[in-house]
Amino acid sequence: MPQMQNGFWDEQRKGTNFMNSTSLPENYEEANEFNIEFIRLAPDKWAKERDFLFDDKPDATPNKDFLIGNADQYKGIVENDFKMLKEDLDAAYARGSKVVLTVLSLPGNRWRQFNNYENDDRIWQDFNYHEQAALFWKDLAVRLKNHPAVVGYNVINEPHPETATGFNDFWTEDYDEWYNKIENTPADLNRLYETIVDSIRSVDTHTPIILDSGLFATPWAINYLKPVEDENVMYAFHMYEPYEMTSQNRKKGFTYTYPGKVKVGNDQNEKMFDITSLKDFLEPVAKWAEKHNISNSRIIAEEFGINRMVDGADQYMKDLIEIFNDYGWHWAFYAFREDTWDGMDFELGNKPVKEAYWDAHANGELPDRKAIEVDNSIWDVLKKDLNK
């Protein structure tokens with residue numbers, strides 16, 4: 001199988017995700033101490049005010065989108081935003097970190113959480129937004145193509161043209177039937193990717209480009225992705241299934257444990273989930289890669305996780321990592337020290353955080369990690385594998 005031209009990805013890499021409210025260069029240094037080899041960075045939250053992100057206040061700048069200016073119409077990279085991003089990437093390099101840059105919003109596709117929790121589907125309805133997205137990434141690639149910290153452009157996080165065109169549940173609906181209806185329309189993810197990849201490659205021929213599968217990067221959706229004829233293009237998926245279990249929280253309640261049975265497909269089907277069923281769920285990725293002669297070094301499980309307070313969360317993480325390692329896929333757990341949400345901050349163990357944790361965030365400070373008990377079974381699973 002052809003290998004990547006970028007040497008960084010020739011061997012399996014293990015990383016994490018940074019999706020914080022602002023640039024936190026100190027986290028690069030802390031991540032290095034745990035042998036985290038790359039950071040998947042999404043800087044979109046940097047455009048928003050703290051009271052919106054932390055206190056559920058109304059968004060004072062609803063039309064402000066980081067780097068792209070305004071998702072309604074891309075007119076060029078916002079210079080102050082790029083300056084902040086460049087300083088963060090420089091800090092990553094100074095601390096020995098490698099970065100995959102991703103974005104949560106594109107022109108015509110504002111991130112749901114910044115769009116009154118409604119999907120922005122314009123990019124799946126109008127090829128003009130494909131062109132705007134491609135121009136944005138071209139502009140960004142011109143500026144970052146030689147940055148020593150950058151090891152990948154992940155062009156959009158969790159695309160979901162399916163939900164814009166009537167497909168919502170892979171457990172009960174037919175993917176082939178859906179794709180046959182939308183192929184070669186603006187809702188065809190392959191068309192968007194072709195346009196963006198060509199645009200980036202017109203100015204940057206070597207930086208790896210990473211493409212997520214559809215329906216929020218579900219593994220099953222990789223079947224309709226058409227590989228790009230570029231050995232420096234990689235393919236990614238996210239793994240939070242069964243979502244009904246991994247997304248449990250104190251508000252929803254904790255009904256499910258792992259391993260255990262979970263109702264999926266609009267609660268229509270009860271299915272047992274353990275390491276065998278997780279591997280079955282991920283098998284489409286392996287089969288797709290084999291079918292298209294894509295090496296394991298070009299596959300990334302770029303997000304995976306579970307609410308840390310779910311009973312069996314440690315075993316869930318252990319089983320997924322074992323599967324990823326068996327295939328030799330790169331992986332990045334979600335998330336490392338996210339400052340707006342503690343549900344998957346695995347250093348905190350399986351108990352609710354104390355008030356001091358949120359008091360620090362409210363004051364614009366980072367919590368004192370030395371005061372937090374980090375010897376716990378979930379974090380131990382990650383530390384053990386990162387230290388191999």
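A polar contact is a pair of N or O atoms within 3.5 Å; within protein, one atom must be able to donate a hydrogen and the other to accept it, and residues adjacent in sequence count only if both atoms are side-chain atoms. Such a contact links the side chain of Ser-297 to the side chain of Ser-295, at 2.8 Å. The structure is a predicted model, in which local features need pLDDT of at least 70 and side-chain atom pairs count only at pLDDT 80 or more, while totals for chains, interfaces and linings use all residues. Residues are numbered from 1 along each chain as its sequence is written, and side-chain values use heavy atoms, with hydrogens and water left out.

Helices (H or I, at least four residues) and strands (E, at least two) are DSSP runs, numbered from the N terminus. Ser-297 sits in the loop between helix H10 (275-291) and strand E9 (299-304). Ser-297 counts as buried because its relative accessibility is 8%. In strand E9, six of the six residues are buried, so E9 is largely enclosed by the rest of the structure.

Two strands pair if DSSP finds at least two bridges between them. Eight strands close into a barrel with parallel pairing, in the order E1-E2-E3-E4-E5-E6-E9-E10. Axes are lines fitted to C-alpha atoms, for helices over the stretch in contact, and angles run from 0 to 180 degrees between N-to-C directions. Strand E2 (residues 38-41) and strand E3 (residues 99-102) run parallel and are joined by three bridges; Leu-41 has Leu-101 in E3 as its bridge partner. Strand E6 (residues 233-239) is joined to E9 by five bridges, again in parallel, and His-238 has Glu-303 in E9 as its bridge partner. E9 is also joined in parallel to strand E10 (residues 330-333), by two bridges, and the bridge partner of Ile-300 in E10 is His-330. From E9 the chain crosses through helix H11 (residues 313-327) to E10, and this β-α-β crossover is right-handed (with the strands pointing away from the viewer, the path from the first strand over the helix to the second runs clockwise).

Strand E7 (residues 260-264) and strand E8 (residues 269-273) pair in the antiparallel sense over five bridges. Met-272 in E8 is the bridge partner of Lys-261. The hairpin of E7 and E8 has four residues between the strands, and Gly-265 takes a positive phi near 65° there.

A crossing is left-handed if the near helix is turned anticlockwise from the far one by less than a right angle, and right-handed if clockwise. Helix H3 (residues 79-94) packs on helix H4 (residues 127-144) at an angle of about 45°, with the axes 12 Å apart. H3 is therefore oblique to H4, and their crossing is right-handed. H4 and helix H7 (residues 189-201) pack at about 30° with their axes 8 Å apart, so H4 is roughly parallel to H7. The crossing of H4 and H7 is right-handed. Ser-199 is found in H7 and is buried, at 12% relative accessibility. A polar atom of the Ser-199 side chain lies 2.8 Å from the backbone oxygen of Ala-134.

Most residues other than glycine have a negative phi, and most peptide bonds are trans. Asn-116 is not a glycine but has a positive phi of about 55°. Asn-116 is located in the loop between E3 and H4 and is exposed, with a relative accessible area of 70%. Ala-217, also not a glycine, has a positive phi of about 70°. Ala-217 is in helix H8 (residues 214-217) and counts as buried, at 0% relative accessibility. The peptide bond from Tyr-258 to Pro-259 is cis, with omega near -10°; Pro-259 lies in the loop between helix H9 (243-246) and E7. A cis peptide bond also joins Tyr-334 and Ala-335, with omega about 0°.

Conventions: Buried < 20%, exposed > 50% of the residue type's maximum accessible area, 1.4 Å probe, protein only. Parallel < 35°, antiparallel > 145°, perpendicular 65-115°, else oblique.
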